[in-house]
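Morning, everyone. I have one structure to show you today, and I'll keep it quick. Please take a look at it on the screen.

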Amino acid sequence: LVITQPCDKSFENYIQGLDLDCKINFIPDNHFLWSREAFSNWTKSRKRLLMEDFYREGRKRFNILMEKDKPVGGKWNYDKQNRKPPKKNLVTPKRLWFEPDKITREVIEQIEKQDFPKYGKIEPFNWGVTREQAQQVLDHFITECLPNFGTYQDAMVTGEYTMWHSLISPYLNIGLLHPMEVIKAVETAYYQNDLPINSVEGFIRQVLGWREYMHGIYHHSDREYSNYNWFQHNHALPNFFWDGNNTQMNCLKQCLTQVENTGYAHHIQRLMVLSNFALIAGVNPQEIENWFHSAFIDAYDWVMQTNVLGMGQFADGGMLASKPYAASANYINKMSDYCSNCSYNKSDRATEKACPFNYFYWDFISRHRDKLKSLGRMNLILGNLKRIPETELKQMNSLAQKWWNNTNN
């Protein structure tokens, strides 16, 4: 029995545990550029497995955006140019969507007839389902979106689901596109069309760096990784994650209803709104990871464990990230227009009208100050915590507790 090596551990273990009277021969999975063995060899001489180091090694190994042994443009990373907040009246590119074909329509009809709990809206379904459609999406991204991708890749705007993002992660993860095919197409466009280096490098870093790194870490980590809970957070996932209209926090409502409609949100919506809230509010990391796995069109075990548990929830205690991705309403207000239409006050942190992101943020910092002291990058924040009057800090702690007492009841 010849099988492509599954990218998810649980499925591979299931196959290996089958009682079959034939030999099972696993062949390498070509969804990724680095084999498990190659990644393991890279880790052996390193005290800390930094993504930036891995990404630079990948650039050299596959000769991407290189001039001999130097990076094109003189820098390895242009991320500082890729964090612009959204301007007013941004004109975003029109996206390439597809009408469901006959097979897709049959599947939709079959699912609608099934008697089991359903999340999300199955129609309209406009994602591509063939390799040819996936290639069209890649071409459209390079032509229409890539020039401005870098500048506004972290921005969030009401009603703008896709901005300049590529929308190719589902096609990469299911195998309709190959990572090197994508990387080479973007690199070629850079040389032929003189595209901005911050956009091109930023995108290639996501595919050649982050995607490969997350897959490598997933298989390199021990079996207990999926159960890690460094902060010992144990609140149940709020019910409004399954119906975004049931929260008054506009940023959460915008992102959650978007996911419900499309199965998609871009990386900052995932990390700095959805995952950030779960982290600072103290949601059990396994519950929020299960929700991400259930809700997103590009979800696989290998990508959700590392991105949600490691990066989003810091559940591994720093194996993957150097500090928690925790933020108050200040960040969301800077990078989006969500706060302007919210019933909460983005500038308040200690009254009944305060944005929950604010009092949850400082409640999180104060609850875990002893653990956070071990993380050098948290020193500035911990210094700010000391300057908060004790009465105000107690009020924020009380608001956080009151919020949970009134949630899911």
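Of the 409 residues in this protein, 52% count as buried. Keep in mind that this is a predicted model.

Now the overall build. The protein has 17 helices and four strands. Along the principal axes, its C-alpha atoms fill a box of roughly 65 × 55 × 50 Å.

How does the radius of gyration compare with that of a compact globule? For 409 residues, such a globule would come out near 22 Å. The protein has 22 Å, so the two agree.

Next, contacts along the chain. Take the contacts between residues at least 6 apart in sequence. Of these, 72% join residues at least 24 apart.

Let's zoom in on one helix pair. Helix α10 covers residues 267-281, and helix α14 covers residues 356-367. Their axes come within 8 Å and cross at roughly 50°. The crossing of α10 past α14 is left-handed.

Which residues make the contact? From α10, they are M272, V273, N276, F277, L279, I280 and A281. From α14, they are F357, F360, Y361, F364 and R367.

How values were computed. Residues are numbered from 1 along each chain as its sequence is written. This is a predicted model: local features need pLDDT of at least 70, side-chain atom pairs count only at pLDDT 80 or more; totals for chains, interfaces and linings use all residues. Side-chain values use heavy atoms; hydrogens and water are left out. Axes are lines fitted to C-alpha atoms, for helices over the stretch in contact, and angles run from 0 to 180 degrees between N-to-C directions. Helices (H or I, at least four residues) and strands (E, at least two) are DSSP runs, numbered from the N terminus. A crossing is left-handed if the near helix is turned anticlockwise from the far one by less than a right angle, and right-handed if clockwise. Contact means heavy atoms within 4.5 Å. The radius of gyration is taken over C-alpha atoms; the globule rule is 2.2 Å times the number of residues to the power 0.38. Buried means under 20% relative accessible area, exposed over 50%, partly exposed in between (1.4 Å probe, protein chains only).
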